[in-house]
Amino acid sequence: MLLGFCTAAFSFTLQIHAHEFRLRANHIFWKNQEAGTEKEIDFGRGVAAKILGKYPIFKDEEKVNYVSQIGTGISAQLGRPELRYYFGILDTEDINGYAAPGGYIFVTTGALKLMRNEAQLAGVLAHELAHINQKHIVKQLNLQSTDRSMTSGIAQILGGATLSAKIALERLNDLAFKMLMEEGLSKKDEADADQKALEMLISTGYDPQSYLDYLSSLKPHLEQGQAKVLSKTHPTIDTRIKILSEFISKHELDSIQGKKNEKRFKQFMVSL
Amino acid sequence: MRDQPKISSKVLTKLSRGTKVLSKETKGLWEKVEVGENQGWLMRGQISDIPVGIKKSILSQKIRLQSSSGKRVRLRTFTAVVGVKGLVDKKGQKISPYKTDYLALEWLEKQPTDEENSVQFVTFSE
């Protein structure tokens, strides 16, 4: 069965046929959840390496450590407990945040320069964290098996230990990377990540309004092209703010104020 | 854990990470939970159905796999080779148009993190 799958994988990956790939992946059963998580991490690692192939990593340890502490402080409480999360900075004027499956989260120096306080940083990291928590990429690639267990399709693909199985994985990595850089996730997933980000901000005592302020501050940059990838891959800012505002009034969250930690943020980011 | 499903409601008690709770009822963003003899409300994001204890460092495990030449190689070595050489098919054609940087990724993975310390760090308020 396994051998049969690998042979098939090789013949169609040469043609890079995503649809066929998904069909194949959907017929595979893999019930071991822990193994599924391991494979999700391996898969995400490949995607993260591609993100770092596009944008150089920013190695100012003090700033990386600050971003990582904010991210880890949130993920330790509200992330998936079976994952270890990594928070990195990408050295680019492009304004965006990225999440690769399995726990890899990035924010750009362009985005950090635009931010005014720690609550905004926490909000952007929380948005990315939500994509990983909800397994948006994995779900959009339609890689679950019919039993809906975690990342089963990926698990089976990586389970194949031959070179052809590795090529199949490489193709999947490319699809996920293209999704992040060009096609975007679904509008529903983006709205979901925005709402979850607000929930996380509230749970950790951060000011939720700061996140909406950050989204508004993106607007002029969308026109200038500094947030080209972001505008290509996300719903419009007006749509996002509208959905969040409805969410806020529905759950009576409008009176909530939280910490912004503007001074601490500026202290770390002043030299950026 | 709060008395009512509202952020302005009174905090009844603080639960430590990993505490087992029994979910009784859902209301919007809130879950009514039972802890021992106490009941109260938590925001849904604060609860997970995966036990905290199963977390482990998966990346440190060496995964054995077979390369096309029949030699057994470590996965991370394999991905590193792929990163440097570019993955090629039988005809020697590159199959991924995108560059990778595994050295940068490994640098990131080596950065120290401390969950407890970080949780403390985000509780700070100016």
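Let's start with the sheet in this predicted model. Chain A holds an open sheet of three strands, arranged in the order S1-S3-S2 with mixed pairing. Its edge strands are S1 (86–90) and S2 (97–100) of chain A, each of which pairs on one side only. From one strand to the next, the twist averages 20 degrees.

A word on how such sheets are built: strands pair through backbone hydrogen bonds, and they do so either parallel or antiparallel. Here, S2(A) and strand S3 (residues 104–108) of chain A pair in the antiparallel sense, over four bridges.

Now bring in a helix. Helix H4 (residues 61–78) of chain A lies across S1 and S3 of chain A, and runs at about 140 degrees to S1(A).

Next comes a pair of helices. Two packed helices are described by the angle between their axes and the distance between the axes. Helix H6 (residues 118–133) and helix H10 (residues 187–203), both of chain A, pack at an angle of about 130 degrees, with their axes 8 Å apart. H6(A) is therefore oblique to H10(A). Their crossing is right-handed.

Which residues make the contact? On the H6(A) side they are A:Ala119, A:Ala122, A:Gly123, A:Ala126, A:His127, A:Leu129, A:Ala130 and A:His131. H10(A) contributes A:Asp192, A:Ala193, A:Asp194, A:Lys196, A:Ala197, A:Met200 and A:Leu201. Sorted by class, the contact of H6(A) with H10(A) has nine nonpolar, three polar and three charged residues.

Definitions and conventions
Residues are numbered from 1 along each chain as its sequence is written. Chains are lettered from A and ligands numbered from 1 in the order in which they are written. This is a predicted model: local features need pLDDT of at least 70, side-chain atom pairs count only at pLDDT 80 or more; totals for chains, interfaces and linings use all residues. Axes are lines fitted to C-alpha atoms, for helices over the stretch in contact, and angles run from 0 to 180 degrees between N-to-C directions. Helices (H or I, at least four residues) and strands (E, at least two) are DSSP runs, numbered from the N terminus. Angles under 35 degrees count as roughly parallel, over 145 as roughly antiparallel, 65 to 115 as roughly perpendicular and the rest as oblique. A crossing is left-handed if the near helix is turned anticlockwise from the far one by less than a right angle, and right-handed if clockwise. Two residues are in contact if their C-beta atoms, placed from the backbone, lie within 7 Å. Ala, Val, Leu, Ile, Met, Phe, Trp, Tyr, Cys and Pro count as nonpolar, Asp, Glu, Lys and Arg as charged, and the others, Gly among them, as polar. Two strands pair if DSSP finds at least two bridges between them.
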